[in-house]
Amino acid sequence: MRALVQRAYGPVETSVGVEEVRLPAPAGGDVCVRVRYAGVNPLDWKLIEGHYKWMSKARPPCGVGFDLAGEVHDAGRAATRFAQGARVAGLIPAFQRPPGSIAQYALVPARLLVEVPHPVPLDQAAALPVAGLSALQMCRMAGVGPGARVLVHGASGGVGHLAAQIARNFGGAVTASGSVAGHPLLRSLGLASVVDRDAPADSWGGPFDAILDCATTLTSSDLGNLLAPDGHYVATTPRFPQVIADAVLNLVRRGKRRVLMLKLDGADLEDLMHQAAAGTLRVAVERAFALGDAAQALIQSRAGHVRGKLVVAID
């Protein structure tokens with residue numbers, strides 16, 4: 001089979017390529033998926049460049065990618081949930097095993113696979129797992145609920161455009177900040193309150209009960225202007241040393257400022273897929289790259305400014 005292979009640590013341009021590799025054989029609770037689309041996440045190129053070496057299972061030579069959607073090809077004896085040929089989506093658990101979703105076939109634990117309802121296109125399903133779980137869990141951490149005033153910062157990105165929709169589905173009154181170029185996407189998702197992320201933060205309104213910082217660029221000064229005294233702030237990635245200071249200050253202040261710690265949860269993924277099937281959650285796929293151009297997808301992700309998600313079409 002053909003797969004994108006990380007040959008060494010270093011720049012994507014020189015460290016990956018498409019190769020012929022052995023077809024994986026499932027055992028135990030694993031499912032072998034015939035991959036139709038693989039989702040692209042910033043974690044993919046970060047691992048290739050050597051970030052998180054101390055905790056990652058991505059030791060070259062190895063595969064690339066975690067998100068995927070396709071059909072069940074084969075399954076281990078303990079993986080009996082899905083019929084052969086069933087449309088499924090899921091993810092390879094990052095940091096627990098080597099990546100490898102950008103390939104014709106991939107092994108995925110059955111607990112991290114869900115069936116894809118037929119109203120949901122497979123390209124959208126492939127782009128949903130990591131970004132969707134991040135968005136859903138950020139909303140929960142921030143206590144988003146009916147009537148909550150919510151700011152989603154970086155709302156036109158992969159996590160952000162999903163977080164804005166999920167917060168709205170939870171009953172929040174959502175303000176979405178994004179670049180001017182991303183405003184058409186945000187409005188197409190039915191988000192009425194859209195602000196320019198490059199304008200002064202104190203012009204965005206507020207105070208907000210919940211702030212979901214999907215760009216991780218808001219400063220303490222920004223939060224002083226934007227966050228309600230008992231509000232909750234959640235960022236996608238930690239910034240040092242602020243994350244340490246926040247952990248201490250959270251012990252004494254009413255409002256909390258935290259960083260997402262993603263939990264890989266099949267039930268949460270099923271919830272997201274139901275929202276997508278109901279039409280209340282749309283995954284915006286900006287572009288699908290061919291397998292032979294998968295490195296270009298990683299390079300575009302690294303460059304930033306992706307509106308929605310990127311995927312690799314395996315065939």
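A residue is called buried when its relative accessible area is under 20%, exposed when that area is over 50%, and partly exposed in between. On that scale Tyr52, with a relative accessible area of 33%, is partly exposed. The model is a predicted one.

**Aromatic rings**
- A search of the whole structure finds one aromatic pair, and because the planes of Tyr52 and Phe95 stand at 90°, with ring centres 6.1 Å apart, the pair is edge-to-face.
- Tyr52 belongs to the loop between helix 2 (42-48) and strand 4 (62-63), while Phe95 belongs to the loop between strand 6 (87-91) and strand 7 (105-109), so that the pair links distant parts of the chain, 43 residues apart.
- Two rings carry a charge over the face: Arg34 lies 5.1 Å from the ring centre of Tyr105, and the charged end of Lys53 sits 4.4 Å from the centre of the Tyr9 ring.

**Salt bridges**
- The count of salt bridges comes to ten.
- Arg36 in strand 3 (residues 30-39) and Glu71 in strand 5 (residues 67-75) are 35 residues apart, and their closest N and O atoms are 2.7 Å apart; Arg36 is partly exposed at 30% relative accessibility, whereas Glu71 is buried at 18%.
- Both of these residues also belong to a network of salt bridges that links Arg34, Arg36, Glu71 and Asp315.
- Arg302 forms a salt bridge with Glu49, with closest N and O atoms 3.1 Å apart; because Arg302 lies in helix 10 (residues 294-303) and Glu49 in the loop between helix 2 and strand 4, the pair ties together parts that are 253 residues apart in sequence.
- Asp268 pairs with Arg140 in a salt bridge whose closest N and O atoms are 2.8 Å apart; Asp268 is buried at 8% relative accessibility, while Arg140 is partly exposed at 43%.

**Nonpolar cores**
- The largest nonpolar core has 51 residues, and Val150, Leu191 and Leu212 are among those with the most contacts inside it; its largest share, seven residues, comes from helix 4 (residues 129-141).
- A second, separate core has 38 residues, including Leu4 and Phe82.

**A buried histidine**
- His183 lies in helix 6 (residues 183-188) and is buried, with a relative accessible area of 9%.
- A polar atom of the His183 side chain lies 3.2 Å from the backbone oxygen of Val195.

Notes
Residues are numbered from 1 along each chain as its sequence is written. This is a predicted model: local features need pLDDT of at least 70, side-chain atom pairs count only at pLDDT 80 or more; totals for chains, interfaces and linings use all residues. Side-chain values use heavy atoms; hydrogens and water are left out. Helices (H or I, at least four residues) and strands (E, at least two) are DSSP runs, numbered from the N terminus. Buried means under 20% relative accessible area, exposed over 50%, partly exposed in between (1.4 Å probe, protein chains only). A polar contact is a pair of N or O atoms within 3.5 Å; within protein, one must be able to donate a hydrogen and the other to accept it, and residues adjacent in sequence count only if both atoms are side-chain atoms. A nonpolar core is a set of buried Ala, Val, Leu, Ile, Met, Phe, Trp, Tyr and Cys residues joined through side-chain atoms within 4.5 Å. Rings of Phe, Tyr and Trp (its six-membered ring) pair if their centres lie within 6.5 Å; planes under 30 degrees apart count as stacked, over 60 as edge-to-face and the rest as tilted. A charge sits over a ring if NZ of Lys or CZ of Arg is within 6 Å of the ring centre and within 35 degrees of the ring normal. A salt bridge is a side-chain nitrogen of Lys or Arg within 4 Å of a carboxyl oxygen of Asp or Glu.
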